[in-house]
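Please keep the sequence and the model in view while reading.

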Amino acid sequence: MSGLEVRARDRLRDLELDVELQVDGDGSVAIVGPSGAGKSTVLRIIAGLRRPDPGRVVMRDEVWLDSGRGINLRPEERTCGLMFQDYALFPHLSAWRNVAFGMPGPRQDRRGRALEQLRRFGVEELADARPDSLSGGERQRVALARSLARDPSVLLLDEPLAALDTRTRAHAGRELVHALRGTRALAIVVTHDFSEAAMLADEIFVMDEGRIVQRGTAAELSARPTSAFVADFAGSVVLNGTARPGADGLTQVDLDGGGVLQSTDLIRGPVAALVFPWEISLQPGGAAHESSALNRLAVDVISVTEIGNRARIGLSSPQPLVAEVTVESIRSLALRPGARVTATWKATATRLVPR
Amino acid sequence: MRRAAFAVGLFLALFLVLAFLTLPIVAIFVHTSPGDLISSLGEQDARDALWLSLKTSVAALAIIVIVGTPAAYLLATREFRGRSVVVTLIELPLVLPPAVAGIALLASFGPEGLFGSALDDAGIQLVLQTAGVIVALTFVAAPFYLRQAQEAFAAVDRNLMDAARTLGATEARAFIRVAVPSAGQGIASGIALAWGRALGEFGATLMFAGSFQGITQTVPLAIFARFSDDFTAALALSGLLVIVSAALLLSVKVLGRSPILGGGAP
């Protein structure tokens with residue numbers, strides 16, 4: 001086995017952790033889930049900062065933890081780098097001394113090697129600065145340089161972008177992708193943001209209430225979520241209802257709170273109907289029915305949020321849903337809170353999963 | 001109007017506190033000319049007392065810091081049964097009257113005390129000896145340091161220690177390289193408090209070690225010895241002690257904020 005294997009059961013304050021995860025090869029994976037799902041705990045278990053019982057952590061044939069055999073390597077004995085959410089830079093040490101802290105090898109050329117490492121992340125000129133004088137983005141790069149300074153086989157990143165403001169986040173995210181590709185370490189990123197996970201990782205583990213509920217690529221999770229939870233997380237609109245056989249071999253879903261949908265998925269009983277926001281188009285309230293889209297819901301506009309050249313339109317059916325349209329459509333449809341429009345999408349774009 | 005009255009009240013309270021606490025110190029220097037201070041240094045017994053005070057307080061402080069720092073770290077970072085009992089026992093000397101502390105030391109380390117014969121067998125003499133002064137100072141000053149250091153260690157971000165471990169540091173190295181510097185400012189103010197308490201120690205020293213010039217007569221004891229027959233000389237020595245104490249405390253505080261001790265400067 002060439003990758004990382006983690007099996008752990010652990011009792012947390014208000015959570016029963018029961019995780020099995022197997023990562024083959026290199027590259028990067030993400031553990032994504034809401035806060036309190038136990039994601040950071042998994043990282044702490046891998047790093048040796050927390051000991052689950054029973055637990056097993058094996059990295060490239062090296063057993064780091066095996067509670068059954070009484071093996072438990074100390075954190076300093078595991079070739080594992082951990083970047084904390086708040087970066088945890090040592091406040092009393094300059095940037096280069098932070099990076100040099102974990103560096104093996106002779107003392108005399110440590111500064112040179114630390115500078116080299118800082119240069120990789122474009123922050124060499126900050127070598128003598130203390131962490132409290134650095135910006136969030138600079139701190140993140142110093143922390144990344146530090147966690148890679150020992151050349152770890154596994155790099156754990158706990159919410160690497162969460163401490164940054166929204167404007168730096170996108171840029172820092174792209175840089176992080178680049179940095180992760182440049183290392184030999186297997187990277188495990190923990191985040192609560194699905195799009196961040198999609199950007200940073202090749203494969204995603206979705207975690208909820210202490211368990212891994214689904215794994216796959218971002219595209220797989222979006223297209224074939226096995227639960228409404230994963231669908232919601234992957235950015236789908238989730239509408240709850242009850243499915244029963246409909247006309248023409250389709251499934252009809254009576255939505256809770258009113259409204260009817262059609263889907264090509266064949267399933268019965270309580271379901272979550274899933275559709276991507278960009279599959280939903282909006283038409284004026286009283287427009288004639290003139291498209292192949294079977295699903296038509298009368299909805300009220302709740303919010304309009306412009307993101308560059310597109311906009312997210314918050315709607316109420318009365319169940320909440322979101323449509324993504326171009327900025328041009330806001331004008332042509334006079335979309336503003338309180339407006340009444342019709343949301344339409346195709347039955348073939350409607351996924352049904354049991355609830 | 002009522003808000004203004006409240007603000008005035010606050011300032012009045014602060015003024016009263018300040019006046020009451022500083023006036024007596026100001027009075028010492030009103031009665032003592034700089035010439036008196038210098039001439040008091042010229043006297044052998046004053047020089048002996050000052051030198052002894054410095055020697056014994058530094059020795060006591062060294063013992064307190066070397067043994068107390070790891071102990072405070074343990075108390076701050078580990079949960080164990082009876083921890084709060086231990087903390088209370090350690091803080092007990094804080095509320096002990098100095099006379100009681102002196103008696104307690106005699107009862108344990110004196111010739112007739114609990115460990116008296118054991119110490120005697122080991123050839124260790126404490127009572128009426130300089131070593132006895134150090135024991136007394138350590139006993140009364142240690143809790144001040146332990147309290148501050150414990151608080152400072154408890155405030156150190158756990159993530160910093162965890163980060164050090166994942167960067168290859170053993171627990172001991174993380175303690176020395178991360179916990180101690182991060183707690184630097186709290187440790188420095190603990191040292192300042194303990195040092196101040198040790199320099200001012202009077203009752204326990206007098207009862208346990210006596211007042212012999214050059215051997216156990218620290219500055220406070222020398223002041224008391226002069227007090228009955230030469231008030232001016234006692235005043236001058238007091239002024240000297242105020243200056244020395246203030247200078248020591250100030251330098252420790254400044255050092256705690258500097259990068260050398262690693263106090264996280266803002």
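Angles between axes under 35 degrees count as roughly parallel, over 145 as roughly antiparallel, 65 to 115 as roughly perpendicular and the rest as oblique. The model is predicted, and local features need pLDDT of at least 70, side-chain atom pairs count only at pLDDT 80 or more, while totals for chains, interfaces and linings use all residues. Residues are numbered from 1 along each chain as its sequence is written, and chains are lettered from A and ligands numbered from 1 in the order in which they are written.

**Packed helices**

Two packed helices are described by the angle between their axes and the distance between the axes. Axes are lines fitted to C-alpha atoms, for helices over the stretch in contact, and the angles run from 0 to 180 degrees between N-to-C directions. Helices (H or I, at least four residues) and strands (E, at least two) are DSSP runs, numbered from the N terminus.

| Helix pair | Angle between axes | Distance between axes |
|---|---|---|
| α4(A) (residues 136-147) and α5(A) (residues 166-181) | about 15 degrees | 11 Å |
| α3(B) (residues 44-77) and α10(B) (residues 184-200) | roughly 140 degrees | within 10 Å |

In chain A, α4(A) and α5(A) are therefore roughly parallel to each other. Their crossing is right-handed; a crossing is left-handed if the near helix is turned anticlockwise from the far one by less than a right angle, and right-handed if clockwise. Two residues are in contact if their C-beta atoms, placed from the backbone, lie within 7 Å. Here α4(A) contributes A:Gly136, A:Gly137, A:Gln140 and A:Leu144, and α5(A) contributes A:Thr168, A:Ala172 and A:Ala179. The classes at this contact are 3 nonpolar, 4 polar and no charged residues. In this scheme Ala, Val, Leu, Ile, Met, Phe, Trp, Tyr, Cys and Pro count as nonpolar, Asp, Glu, Lys and Arg as charged, and the others, Gly among them, as polar.

In chain B, α3(B) and α10(B) are oblique to each other, and their crossing is right-handed. From α3(B), B:Ser53, B:Ser57, B:Ala60, B:Leu61, B:Ile64 and B:Val65 meet B:Ile191, B:Ala194, B:Trp195, B:Ala198 and B:Leu199 of α10(B). This contact has 9 nonpolar, 2 polar and no charged residues.

**Chain B as a whole**

Chain B comprises 13 helices and 0 strands. Its C-alpha trace spans about 70 × 65 × 35 Å along its principal axes. Of its 266 residues, 40% count as buried. A residue is buried if 20 or more other C-beta atoms lie within 10 Å of its own, exposed if 12 or fewer, and partly exposed in between, with C-beta atoms placed from the backbone. Among the contacts in chain B with a separation of 6 or more, 76% join residues 24 or more positions apart.

**A sheet in chain A**

In chain A, 5 strands form an open antiparallel sheet in the order β2-β1-β4-β5-β6. The edges are β2(A) and β6(A) (71-72), each with a single partner strand, so one side of each has no neighbour in the sheet. Two strands pair if DSSP finds at least two bridges between them. Strands β1(A) (residues 4-12) and β2(A) (residues 15-23) run antiparallel and are joined by 9 bridges; they form a hairpin with 2 residues between them. Within this pair, A:Ala8 has A:Val19 of β2(A) as its bridge partner.

**Backbone exceptions**

Most residues other than glycine have a negative phi, and most peptide bonds are trans. A cis peptide bond joins A:Asp53 and A:Pro54, with omega about 0 degrees; A:Pro54 lies in the loop between α1 (39-47) and β4 (55-59) of chain A. Another cis peptide bond joins A:Ser317 and A:Pro318, with omega about 10 degrees, and A:Pro318 lies in the loop between β18 (310-316) and β19 (320-326) of chain A.

A:Ala88 has a positive phi, near 50 degrees. Is this residue buried or exposed? A:Ala88 counts as buried, because 27 C-beta neighbours lie inside 10 Å. B:Leu128 also has a positive phi, of about 65 degrees, but B:Leu128 is partly exposed, with 15 other C-beta atoms within 10 Å.

**Where the chains meet**

The contact between the chains takes 17 residues from chain A and 17 residues from chain B. On the side of chain A, strand β7(A) (residues 80-83) gives the most, with 3 residues. That side has 10 nonpolar, 3 polar and 4 charged residues.
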